[in-house]
Amino acid sequence: MKILVTGGAGFIGSNFVRYFLQQHPSASIINVDKLTYAGNLENLIDLEANPRYRFVRGDITDAAFVDSLAQEVEAIIHFAAETHVDRSIVSADAFVRTNVYGTYVLLEASRRYQHQRFVHISTDEVYGSRLEGFFKEEDPLSPTSPYSASKAGSDLLVSSYHKTYGLPAIITRCSNNFGPYQFPEKLIPLIITNALEDKPLPVYGDGLYVRDWLYVLDHCEAIDRIFHLGKPGEVYNIGGQGDKKNIEVVHLILEILKKPKSLIQYVKDRPGHDRRYAIDPNKIESELGWKPAYSFEKSLEETVHWYQTQMDWWKRIKSGEYLKMYEKIYGVPL
Ligand code: NAD
Ligand code: TYD
């Protein structure tokens, strides 16, 4: 099967493209990515010569461009998005364009070419925050940041295309991911890379905010399962019930790196900061037989080790040098 993956040069998308091609020897993937600040071709450099993989640079909000690729494939797995809450607070413009309008463009193309599947990668943040208990798939959406609001908007569009046009679309809502190739603006890679450089570790507010952390390869396996076995029109929560307070995560990273707690710097809180995200993954576990395979502590250690051994990768990102990678591979500037 030939699949269009959007946002495959980002963190989860690049892990997924590699995982999916390894798991399915007859599958081929076109990876379409705009290469925003978060997209990095270096993440998939090992696949450049793979005949089952093709990278095409482009914007999912460009309907003619999307159309030209959609007609070549049988399914879309849609990761492309603006993803960082703090950036959405500074300016929501690109979030609305890419996350809402871009999803609409893809849905239209998928409908036109009667694709067999449209998997929309969403987030647990669309449910909003709750202090106790766990959100289920049928709970109302109550997003609070411009990021989560734009993702909720895209979720509603996706489900409308299933109900109105019968598009075989599925929505996944995953908790916070971590692992290799995560852009070092998100909590875990930011703390690891700052600690490695003995720089201050910014902890927002009181540091007692709670996130449910899932290793990225567990997420990839869940998406693969949903792609093949999930029921069109359904929503699937994906989470590891690995609730941790932010400060606990920071302490664990410092322990692994043997760095002092004095690096921690409590800073001003994020506006509208959601106290706790928590989802119930029972549906995917009982209906599709998925369960996380990686323990939080062990995979955090492996992730720290990955950033320790991939200094060039994240130093090039932090210095902005990675943007030159496109020119190196394709001979034209980004
Ligand atoms: P990321 O920011 O690392 O990557 C996003 C990718 O999308 C980048 O490669 C970027 O260049 C590309 N992109 C952005 N705008 C585009 C456009 N207009 N056209 C084409 N490509 C564009 O994000 P991520 O963390 O890998 O997240 C991937 C998806 O998973 C997102 O939809 C996100 O909402 C969802 N998600 C992420 C997490 C998490 O913890 N990271 C958790 C749950 C769900
Ligand atoms: P983040 O990785 O941005 O993911 P999200 O906000 O989408 O869950 O942040 C995870 C948690 O860590 C969140 O509660 C905000 C907090 N945080 C910090 O305390 N310091 C930081 O430097 C960052 C980036 C996040």
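1. Leu 35 is buried, at a relative accessible area of 7%. The structure is a predicted model, and Leu 35 sits there in the loop that runs between β2 (28-33) and β3 (53-57). Its backbone deserves a look: phi of Leu 35 is near 55 degrees, a positive value in a residue other than glycine. For background, most residues other than glycine have a negative phi.

2. Tyr 181 also calls for a look at the backbone. Its phi is positive, about 75 degrees, although Tyr 181 is not a glycine. The residue belongs to the loop between β7 (176-178) and α6 (187-196). With a relative accessibility of 18%, Tyr 181 counts as buried, because the cut-off for that class is under 20%.

3. Asn 43 is in the loop between β2 and β3. Its relative accessible area is 2%, so Asn 43 is buried. Leaving aside residues up to four places away in sequence, Asn 43 touches Ala 9, Gly 10, Ser 14, Arg 18, Tyr 181 and Trp 313.

4. Which residues touch the most other members of the largest nonpolar core? They are Ile 77 and Ile 253, in a core of 56 residues. A separate core has 28 residues, including Phe 65, Val 73, Leu 107 and Val 126. In soluble globular proteins, nonpolar side chains tend to be buried together.

5. The contacts of Ile 77 can be listed. With residues up to four places away in sequence not counted, Ile 77 touches Ile 3, Leu 4, Val 5 and Thr 6, and also Phe 16, Val 119, Ile 121, Ile 223 and Phe 227.

6. The whole structure holds 17 aromatic pairs. In one of them, Tyr 161 and Tyr 165 have ring centres 4.9 Å apart and planes at 55 degrees, so this pair is tilted. Both residues are in helix α5 (residues 146-165), where they stand four residues apart, about one turn of the helix.

7. The rings of Tyr 307 and Trp 313 have centres 6.1 Å apart and planes at 75 degrees, so the pair is edge-to-face. Tyr 307 and Trp 313 are both buried.

8. One aromatic cluster is made up of Phe 178, Trp 213, Tyr 215, Tyr 294 and Phe 296. Arg 276 lies over Phe 134, at 5.3 Å from the ring centre. Lys 283 lies over Tyr 236, at 4.9 Å from the ring centre.

9. Which residues come nearest to ligand 2? Among the 17 residues around ligand 2, they are Glu 125, Leu 187, Arg 211, Arg 270 and His 273. Arg 211 has a polar side-chain atom 2.7 Å from an oxygen atom of ligand 2. For His 273, too, a polar side-chain atom is 2.7 Å from an oxygen atom of ligand 2. In Asn 176, an N or O atom of the side chain is 2.9 Å from an oxygen atom of the ligand.

Technical notes. Residues numbered from 1 in each chain as written. Chains lettered and ligands numbered in written order. Predicted model: local features only at pLDDT ≥ 70, side-chain atom pairs only at ≥ 80, totals over all residues. Heavy atoms only, no water. Core = buried A, V, L, I, M, F, W, Y, C linked by side-chain atoms within 4.5 Å. Buried < 20%, exposed > 50% of the residue type's maximum accessible area, 1.4 Å probe, protein only. Contact = heavy atoms within 4.5 Å. Phe/Tyr/Trp six-rings, centres within 6.5 Å; stacked < 30°, edge-to-face > 60°. Helix = DSSP H or I, 4+ residues; strand = E, 2+ residues; numbered from the N terminus. Lys NZ or Arg CZ within 6 Å of the ring centre and 35° of its normal. Near = heavy atom within 4 Å. Polar contact = N/O pair within 3.5 Å; in protein donor to acceptor, adjacent residues only side chain to side chain.
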